[in-house]
Amino acid sequence: MNKEDIKQQILALAKDYANCLEYEKANKEKKYIPASGKSIGEEELINMFEASMDMWLTVGRFNDEFEKEFAQKLGVKYVLTTNSGSSANLLAFSALTSYKLKDRALKKGDEVIAVAAGFPTTVNPIIQNGMVPVFVDCEVGTYNIDVNKIEEAISPKTKAIFLAHTLGNMYDMDKIMDLAHKYNLWIIEDSCDALGAQWNNKYAGTIGHIGTYSFYPAHHITMGEGGAVVTNDALLNRIIMSFRDWGRDCWCKPGCDDTCHNRFNMKLGNLPQGYDHKYTYSHIGYNLKITDWQASIALAQLKKLDKFLAMRSENAKTLLTELADLQNYLILPQITKNCTPSWFGFLISVKEDAPFSKQDLVKYLEANGIGTRQLFAGNILRQPMIVENDVDLRIGDSSLMKAKDLSENDYHKLPNTEFIMNHTFWVGVAQNNTPQDMKKISAVIHEFVKGKI
């Protein structure tokens with residue numbers, strides 16, 4: 001057999017193997033309803049084998065095609081893949097510190113609007129770059145920032161707003177962008193949990209200056225570990241690419257040289273005239289690229305995104321219907337006006353006057369085979385990462401303070417965040433679950449509540 005015959009035989013066997021796995025999964029009793037999870041099949045496995053047989057390893061043809069198709073899907077000009085959603089956040093924020101942005105570059109000591117009820121890596125880049133997070137309270141129900149409290153937290157040092165759309169439910173982008181224009185602020189949309197969500201028919205991550213996404217297995221689509229940064233700004237795209245790729249000034253793709261036809265003619269920094277542009281570095285960067293093997297998985301997953309979003313929406317609708325009669329005890333998720341959510345998870349809050357606690361309900365669900373998750377860090381100001389590192393921060397319109405000096409009164413300046421930490425959790429609505437699974441979740445919650453009242 002020649003090389004192509006062998007390749008086709010391998011791919012045929014890969015398809016048969018994937019079908020065997022799918023058959024085993026379909027006929028296996030489901031004992032646990034996970035809070036999140038992936039759905040992959042023969043298309044992903046075949047792409048993985050193809051990428052392996054290319055033996056290219058770093059970003060290549062699959063990554064090029066994924067970036068192109070992802071940009072077309074979102075309606076943005078530029079997409080850069082990276083090795084995680086957390087790295088995407090780090091790249092997005094670090095890019096705003098570039099000297100190439102001149103007087104708009106963020107500098108140490110500048111302030112950034114943030115929330116405390118979320119994932120750490122939406123806040124970490126602010127601190128890692130030597131800036132001050134300014135924490136604003138959230139809303140119970142939408143679990144996003146209370147946009148009506150942002151303006152009072154803005155000071156002359158405020159230069160950016162860096163927020164995540166909570167579990168696929170978008171915050172009010174109209175008001176956020178109005179504030180951005182009024183105060184000349186950068187906007188980073190952390191859309192790691194909101195891929196496919198829309199605000200007035202514009203996708204999450206495409207309205208602000210930079211958007212970020214995660215392709216970890218828990219997210220809407222996966223490539224294993226992976227993420228992406230998107231923008232419509234050519235300069236920001238170049239800067240993000242530089243930070244991602246060792247800090248280099250060159251923008252040639254791996255395996256390519258001299259795409260600018262000026263490789264040995266530049267004079268940058270204090271380097272000699274004509275020093276090789278391929279080895280000229282304009283930023284103190286990282287190496288946060290993915291492999292083509294990962295991109296091959298994401299390319300197959302992207303074709304299924306709309307299907308996955310529809311399945312998640314159907315699961316969420318089932319829970320909203322099934323749990324509607326328990327609203328004397330539970331707060332169900334409320335969708336922000338003008339938002340079409342992408343349902344990363346289904347948030348539930350136990351009311352303060354309920355005859356049971358969040359902990360009681362979560363333990364009962366887990367004991368009965370239903371996965372649960374917290375809204376990540378709860379109140380991140382209470383986390384060791386903040387307290388033990390004695391982070392500089394502000395809360396709302398308060399003065400600058402040190403984390404070690406925070407008191408209980410300071411924590412309670414974010415009352416809804418405190419409520420979320422103590423009363424809120426979520427269950428899964430991902431494509432690896434079914435409407436029947438949602439009905440089981442409802443039945444178990446009803447059984448629990450009935451036993452308490």
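This is a predicted model: local features need pLDDT of at least 70, side-chain atom pairs count only at pLDDT 80 or more; totals for chains, interfaces and linings use all residues.
Arginine 248 touches Ser242, Thr280, Tyr281 and Ser282, leaving aside residues up to four places away in sequence; contact here means heavy atoms within 4.5 Å. Arginine 248 sits in the loop between α8 (234–244) and α9 (292–302), with helices (H or I, at least four residues) and strands (E, at least two) taken as DSSP runs numbered from the N terminus.

Residues are numbered from 1 along each chain as its sequence is written, and side-chain values use heavy atoms, with hydrogens and water left out.

Now for the aromatics: the structure holds twelve aromatic pairs (Phe, Tyr and Trp rings, the latter by its six-membered ring, with centres within 6.5 Å; planes under 30 degrees apart are stacked, over 60 edge-to-face, the rest tilted). Phenylalanine 66 and phenylalanine 70 form a stacked pair, 5.2 Å centre to centre with 15° between the planes. Both lie in helix α3 (residues 61–74), four residues apart, or about one turn of the helix. Phenylalanine 66 is buried at 0% relative accessibility, and phenylalanine 70 is buried with a relative accessible area of 0%. Ring pairs also tie Phe66, Phe70, Tyr213 and Phe215 into a cluster.

Conventions: Buried means under 20% relative accessible area, exposed over 50%, partly exposed in between (1.4 Å probe, protein chains only).
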